[in-house]
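Please keep the sequence and the 3D view side by side while reading.

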Amino acid sequence: MTPQRLVMTQPDDWHLHLRDGEMLKAVLPYTARQFARAIVMPNLKPPVTTAQQATEYAQRIRAALPQALREQGITFEPLMTLYLTDHTSADEIRRAQDSGLVHAIKLYPAGATTNSDSGVTDLHRCTKALEAMQRHEMVLCIHGEVTHRDVDVFDREAVFIDKVLIPLRHRFPELRIVFEHITTRHAADYVRSASGPIAATITPQHLLYNRNSIFQGGLRPHYYCLPVLKREEHRQALLAAATSGSPKFFLGTDSAPHEQGAKESACGCAGCFSAPFALEFYAQAFESAGALDRLEAFAAFYGPDFYRLPRNTKKIALSRVQQQITSPIAAAGGSIIPLGFGEALDWRFEGPA
Ligand code: NCD
Ligand code: ZN
C-alpha cells in the first residue's frame with residue numbers, strides 16, 4: 001500500500017551553506033523548518049578559520065532565526081566547522097574542540113569550489129593539524145576532488161580517492177572522516193568497503209538527477225553544483241548506497257544559495273539551493289527506490305551516531321500532496337531559484353507531528 005503520510009524523527013542536515021548577513025536571514029528559515037541541526041560550512045568570505053570566528057558566526061546564525069519561527073517552537077542548532085588552511089595550527093584544533101561548538105574541520109582543496117581560494121594546497125602542510133584532529137577525535141569533512149587543470153572535471157572525485165584520500169587514511173588511520181557530497185560509484189564503493197572511521201553524505205541533487213539535467217534543451221545553471229552531477233550509473237549507485245541501510249551513508253543537502261544573477265552568468269557559481277524542499281526531495285528519491293522505510297535512519301539516525309551527538313526526539317511529518325515548485329525565493333533584495341524549479345513533487349513537508 002502506498003503511504004499517504006510519513007512521520008519520522010526530525011532530521012539534521014550534515015552539510016549546509018548558510019552564508020551571512022541578509023542572505024543568511026533569507027535562507028535560514030527554510031532549513032530551520034525542516035531540520036533541528038546542521039553542520040554549517042565555513043566558506044564565508046573571508047573563511048571561518050578560528051574557534052573565535054566560529055563562535056561569532058554561530059551567534060549570528062542564532063540571531064537570524066525569525067521571531068515568528070521561535071514563537072512556533074522552532075529551534076535550530078548550528079554545528080560549526082573550521083576551514084582548514086595550510087596554516088591551521090594544532091592549538092586552533094584544540095581550541096575548536098574545547099569550544100564545544102565546533103564539530104568538524106573542513107578540507108577544501110585550494111580552488112575546488114565556491115570560496116575555496118584559501119583552501120589547502122598540499123595536505124603535507126597540515127600534518128600538525130591533522131595529528132591534533134586525530135588525537136582529539138575531531139571529524140574531518142572532505143570536499144573530495146583534485147583540482148589539477150589536467151584532470152577531467154568528471155574524474156576529479158575518483159582521482160581524489162586514489163591520490164589523496166587513501167594516502168591520507170594510511171597516514172592517519174584513526175582520523176574520523178566524512179567524505180562529503182559523494183557523486184560517484186567509486187566513492188560509494190570505497191566508503192562501503194573501507195574499514196575504520198569513515199562515512200559519506202549524499203545530496204538530493206545527486207540522488208535525483210544525472211548530468212543530462214545540466215544540458216536539458218540548453219544550459220541549465222541551476223543544476224550546476226560541485227562536485228558536478230555525474231552519469232546515470234553513478235546516480236543509481238548513490239541511490240543504492242543511500243537506501244542500503246548502511247550507517248555509513250547519511251543526509252547532507254549541500255544546499256548552497258546563490259543569487260539568481262550569479263548563477264545565470266557567463267561564469268556561473270556552483271551550488272544548488274535545495275533547502276526549501278529538502279525532505280521532499282529525499283522522500284521522492286527514496287520512494288523511487290521503494291525504500292521510504294529507510295529514510296528516517298538515513299536522515300535522522302546515522303548522522304548523529306557518526307558525529308556522536310544524541311538523536312533528535314521530536315517528530316515531523318510529510319504528506320503525499322502533489323506540489324509544483326513555481327516560486328523563486330526572495331533573498332537579500334534579489335531572488336534565488338530553488339533546486340527543482342518548474343518540477344513537481346509528490347510529498348509536502350507538514351511540520352512537527
Ligand atoms: C558550494 C557553495 O556554493 O558554497 N557550492 C557547491 O556547488 N556545492 C561549495 C561546495 O560545497 O562545494
Ligand atoms: Zn558544500
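The model discussed here is predicted.

**The zinc ion (ligand 2)**
- The protein donors of the zinc ion are His-15 and His-17, each through NE2, together with Asp-254 through OD, and they lie 2.0 Å from the ion.
- Along the sequence, these donor residues follow the spacing H-x1-H-x236-D.
- The arrangement is irregular because the 4 donor atoms around the zinc ion subtend angles of 91 to 144°.

- Ligand 1 sits in the largest cavity, and the shell of residues around ligand 1 divides into 4 nonpolar, 8 polar and 2 charged.
- Of the 14 residues around ligand 1, those that come nearest are Asn-43, Thr-113, Leu-226, Asp-254 and His-258.

- The side chain of Arg-19 has an N or O atom 2.8 Å from an oxygen atom of ligand 1, and for the side chain of His-143 the corresponding distance is 3.4 Å.
- At Ala-270 a backbone N or O atom lies 3.1 Å from an oxygen atom of ligand 1.
- Ligand 1 has 310 Å² of accessible area on its own, and the protein covers 100% of that area.

Terms used
Residues numbered from 1 in each chain as written. Chains lettered and ligands numbered in written order. Predicted model: local features only at pLDDT ≥ 70, side-chain atom pairs only at ≥ 80, totals over all residues. Heavy atoms only, no water. Near = heavy atom within 4 Å. Polar contact = N/O pair within 3.5 Å; in protein donor to acceptor, adjacent residues only side chain to side chain. Areas by Shrake-Rupley, 256 points an atom, 1.4 Å probe, with all protein chains shown as cover. 1 Å grid on protein atoms, 1.4 Å probe; cavity = no way out; pocket = protein on both sides within 12 Å on 5 of 7 lines; lining within 4 Å. Sits in = over half its atoms within 2 Å of the grid points. Nonpolar A, V, L, I, M, F, W, Y, C, P; charged D, E, K, R; others polar. Donors = N, O, S within 2.8 Å, 3.2 Å for Na, K, Ca; no water. Tetrahedral: all angles 85-135°; square planar, octahedral: opposite > 155°, others 65-115°.
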